[in-house]
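This report goes through selected contacts, metal sites and helix packing in one structure. The sequence and the model come before the discussion.

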Amino acid sequence: MGSIEGGVQVAAWLDKPGHGAVLRIREDIDIPIPKEGEVLVKLECSGICHSDVHSIYNETPMDTDIAGHEGVGYVVKCGPSVADEVLNARVGVKWQYRTCGKCEICAVDSTACPYQDNAGRNVRGTFAQYICAPVRDLTMLPEGLESKILAPLLCAGLTMYSAIAKAQLKPGHWLVLPGAGGGLGHIGVQIAASRGYKVIAIDSGKEKRKLCLDLGAALFIDFREEDIEAEVSRATGGYGAHAVIVGVGSESAYRQGFAVLRNLGTLVCVGIPGTSCQLPVTPFQMIVKGLKVVGSSCGTPAEMHELLDMAMAGKVIPQVTVYELEDINTIVEKLARFQIGGRVVLRIPQ
Ligand SMILES: [Zn+2]
Ligand SMILES: [Zn+2]
């Protein structure tokens, strides 16, 4: 490990978050030293998520200089009081970089810990060759799946897995997924279809239609060509869907979500349409229709393991395109314009 000590690494560096901000590939970033309870991970690849774009463009708060939170790599060094047995293990670094594990919220569900740290938000993220991370919050990854397939499961997959669980559906129930052909959506289609839910995929274009139907959607609605409310109503016998997971960060997607929900339905908030956007629903509508609204940012360690089991069984396979880390600015721009189908994974230079 002599070469790591005091060495420097390559990273996609953000000088300052802001609209249209451009990342610089720097080769002079210090390799961090693992502290108590931490390990040093040499990253192999990292998925790139829409929330990275929100952070880089200053649409949501970001207080660090390296984004990224879907990192896969190997433990190359253990910090104090970490058992050597994790050395060389393949691990995943997630958005939920560190939870306190001690508060009243963690006792119920650590994903909402008010004291958490997030990779790429307030601590350095995964668009770099190395990252130090607390071993307790890392995900140990199974053998048998490629790292580029595992990376999108760490945020896109886990987020959808948990959001679908929060919708509390039964087999045969209707689930509407706006953005179904995107990074989160296309994984959500697979999880929901394998659970026996009837997925109404909403997106646009022939390619995304084919992708969604191939992955198990019961119905595809092209939002550019079809009347979403009329089509959902027709498919569901006039009742509307049992649940909608709004994985798209636009106010219109939320408005549409409430419009296609049946009485007693559940809307799960996942996509972020700017931090000040208010939900387009009135207390009167909530009361009369008996709706439930729930927010979901990621998922629990138990949900992560359930999802990895599904992936190992071939029930959920992210569709990935691999680019080099140096292509990151092009990908950020395309994500901002919703021009990416499936998930992009960045290869980290080794
Ligand atoms: Zn993410
Ligand atoms: Zn906590």
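Is Glu38 buried or exposed, and at what relative accessibility? Glu38 counts as buried because its relative accessibility is 5%, and the cut-off for buried is under 20%. The model is a predicted one.

Glu38 pairs with Arg98 in a salt bridge, where the closest N and O atoms are 3.7 Å apart. This pair links distant parts of the chain: Glu38 belongs to strand E3 (residues 38–47) and Arg98 to strand E6 (residues 96–98), 60 residues apart. Arg98 has a relative accessibility of 29% and therefore counts as partly exposed, whereas Glu38, at 5%, is buried.

The pair is part of a network of salt bridges that links Glu38, Arg98 and Asp117. In general, side chains of opposite charge can pair when their charged atoms come close.

## Other salt bridges

The structure holds 14 salt bridges. Among them is the one between Asp203 and Lys208, with an N to O distance of 3.7 Å. Asp203 and Lys208 are both buried.

Another salt bridge joins Asp28 to Arg26, with 2.9 Å between the closest N and O atoms. Asp28 is located in strand E2 (residues 24–30). With a relative accessible area of 44%, Asp28 is partly exposed, because that class covers values between the 20% and 50% cut-offs. The C-alpha atom of Asp28 is separated by 5.3 Å from that of Val8, and these two residues are 20 residues apart along the chain.

## Zinc ion (ligand 1)

Which protein atoms coordinate the zinc ion (ligand 1)? They are Cys49 (SG), His69 (NE2) and Cys155 (SG), at 2.0 to 2.2 Å. The spacing of these donor residues in sequence is C-x19-H-x85-C. His69 lies in the loop between helix H1 (50–56) and strand E4 (70–78), while Cys155 is in helix H2, so this pair ties together parts that are 86 residues apart in sequence.

His69 is buried, with a relative accessible area of 1%. Cys155 also counts as buried, at 8% relative accessibility. Water is not among the atoms, so the site may look incomplete.

## Zinc ion (ligand 2)

The zinc ion (ligand 2) has Cys100 (SG), Cys103 (SG), Cys106 (SG) and Cys113 (SG) as its protein donors, at distances of 2.3 to 2.4 Å. The angles among the four donor atoms run from 100 to 121°, and the site is tetrahedral. This assignment follows because four donors count as tetrahedral if all angles lie between 85 and 135 degrees. For reference, the ideal angle for four tetrahedral donors is 109.5 degrees.

In sequence, the donor residues of the zinc ion (ligand 2) follow the spacing C-x2-C-x2-C-x6-C. Cys103 and Cys113 both lie in the loop between E6 and strand E7 (117–118), so the pair ties together parts that are 10 residues apart in sequence. Cys103 counts as buried at 13% relative accessibility, and Cys113 counts as buried at 2%.

## Packing of helix H2

How do the axes of H2 and helix H8 lie relative to each other? Helix H2 (residues 147–166) packs against helix H8 (residues 301–312) at an angle of about 115°, and their axes are 9 Å apart. The two helices are therefore roughly perpendicular to each other. The crossing of H2 past H8 is right-handed.

H2 also crosses helix H3 (residues 185–194), at roughly 50°, with the axes coming within 9 Å. That angle makes H2 oblique to H3, because angles from 65 to 115 degrees are needed for roughly perpendicular and angles under 35 degrees for roughly parallel. H2 passes H3 in a right-handed crossing.

## Thr330 in helix H9

Thr330 is part of helix H9 (residues 328–336). At 44% relative accessibility, Thr330 counts as partly exposed. The C-alpha atoms of Thr330 and Ile31 are separated by 26 Å, and the two residues are 299 residues apart along the chain.

Note on methods
Residues are numbered from 1 along each chain as its sequence is written. Chains are lettered from A and ligands numbered from 1 in the order in which they are written. This is a predicted model: local features need pLDDT of at least 70, side-chain atom pairs count only at pLDDT 80 or more; totals for chains, interfaces and linings use all residues. Side-chain values use heavy atoms; hydrogens and water are left out. A salt bridge is a side-chain nitrogen of Lys or Arg within 4 Å of a carboxyl oxygen of Asp or Glu. Helices (H or I, at least four residues) and strands (E, at least two) are DSSP runs, numbered from the N terminus. Buried means under 20% relative accessible area, exposed over 50%, partly exposed in between (1.4 Å probe, protein chains only). Donors are N, O and S atoms within 2.8 Å of the metal (3.2 Å for Na, K and Ca); water is not among the atoms, so sites may look incomplete. Four donors count as tetrahedral if all angles lie between 85 and 135 degrees; four count as square planar and six as octahedral if opposite donors are over 155 degrees apart and all others between 65 and 115; anything else is irregular. Axes are lines fitted to C-alpha atoms, for helices over the stretch in contact, and angles run from 0 to 180 degrees between N-to-C directions. Angles under 35 degrees count as roughly parallel, over 145 as roughly antiparallel, 65 to 115 as roughly perpendicular and the rest as oblique. A crossing is left-handed if the near helix is turned anticlockwise from the far one by less than a right angle, and right-handed if clockwise.
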